[in-house]
Amino acid sequence: MEALREITPFLSKSARLDLKAVSLTHVLGLTGSKDGISLIGQCQELLANVVDLSADESEVIRKDAVLALVNISAEQDGAEALVNQLASKIVPMAYTAITNKDCKLADPWSMVLCNVSRPETLVDPVLTELLKIEHAIENLTVCFTRINYNTQKGHLNYLAPLFSNLSQSKRGRDVICNQNADMLVRILPFVHHEGSIVRRGGAVGILKNICFDSTVHDWLLGGEVDVLPFILLPLAGPEEFDDDTNDKLPVELQYLGPDKKREEDPDIRKMLLESLAQLCATRKGREYLRERGTYEVLRELHKFECSPEGEKRVLVTCENVVDILIRTEDEIGEDNLKALDIPEDVLSKIEKMDDEIEQ
């Protein structure tokens, strides 16, 4: 800690360039370990100086400072230190860099913003700072959905998990589900994006989080958004269905052909199934899914998850959804499953089973 205090003055923007460079290299080295990040987080002045250096006149200094912030924010201790001490500075800086088409550091800045919003406790303070900027979320959506928005070959893929992080909170979901902004409609096509698993996984994460709110299910399943094809298409493989089944399926899933590939990442498949499970919360949702061939798609997915290529945790999630869909509404006996009160002892057993499955 004493060594960090000694180099802190050399990390100020007014320090000599060579001293800044050497000191910043030392800080970068410390960010390679969890203990080092914890130490940096405890040195408030140093952390503030590193943030200031991310706007230094020297391109090399700016780059190293932002890379240090990426590493620091990757650990929860570091993310908490940045948000608790410097949220009002770091969030606008990140936003400005990301929305600047010519910024060479837009990608690392998007990673910083993604990292500091990952812990659920930090979502609201980060969102608060973003909402202070007029149309910030809408503008970031434009940056994300316009391929090649950044002229310096920045991909901005990490905006997808940023949006997913923000959708952990009710306020974040309200912003994303603003029907006048069409934000969700513009993001949904990236559920199928083959070019980046980060972008694809983030888009699916948004979808899963929003599906937890049963008050928007009618909107999600309606013609304006129509999320079901976006969920089912990655879960479908090259299996052939008879004409009657194809007629039930959304148009996007009819007669897919032998070259159709199923989503390769098991975590994404699991999130898609969890989205379906949430849409099964109400009778209206369950009937909608049944009428559109959801069971038939999951029946084939179940066979895949039972094969050597499948995953046990995905298989169990698939079985949970199928179990709901194959039961009659009389057997279920409840219009809204979320209205059921689950006894504490049963809830603890379910959580224990989920932990065992994850292991």
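This is a predicted model: local features need pLDDT of at least 70, side-chain atom pairs count only at pLDDT 80 or more; totals for chains, interfaces and linings use all residues.
**Entry 1: ring pairs.** I looked for aromatic pairs and found two in the structure. For F144 and F163, I got 5.8 Å between the ring centres and 90° between the planes. Edge-to-face needs planes over 60 degrees apart, so this pair is edge-to-face. I then checked where the partners sit: F144 belongs to helix 9 (residues 136–145) and F163 to helix 10 (residues 159–166). They are 19 residues apart, and the pair links distant parts of the chain.

Buried or exposed, I wondered about F144? F144 has a relative accessible area of 0%, so I wrote down buried. F163 also gets the buried label, at 0% relative accessibility.

**Entry 2: the other pair.** F144 turned up again, paired with F190. Here the centres are 4.8 Å apart and the planes make 55°, which is a tilted pair. F190 lies in the loop between helix 12 (183–187) and helix 13 (197–211), 46 residues from F144. F190 counts as buried because its relative accessibility is 10% and the cut-off is under 20%. I noted F144, F163 and F190 down as one aromatic cluster.

**Entry 3: charges over rings.** I looked at arginines next. The charged end of R262 sits over the F304 ring, 4.9 Å from the ring's centre. R292 has its charged end over the ring of Y288, at 3.6 Å from the centre.

**Entry 4: helix 18.** Y288 sent me to helix 18 (residues 283–291), where Y288 is one of the buried residues. Just past the helix, G293 has a positive phi of about 75°.

Note on methods: Residues are numbered from 1 along each chain as its sequence is written. Side-chain values use heavy atoms; hydrogens and water are left out. Buried means under 20% relative accessible area, exposed over 50%, partly exposed in between (1.4 Å probe, protein chains only). Helices (H or I, at least four residues) and strands (E, at least two) are DSSP runs, numbered from the N terminus. Rings of Phe, Tyr and Trp (its six-membered ring) pair if their centres lie within 6.5 Å; planes under 30 degrees apart count as stacked, over 60 as edge-to-face and the rest as tilted. A charge sits over a ring if NZ of Lys or CZ of Arg is within 6 Å of the ring centre and within 35 degrees of the ring normal.
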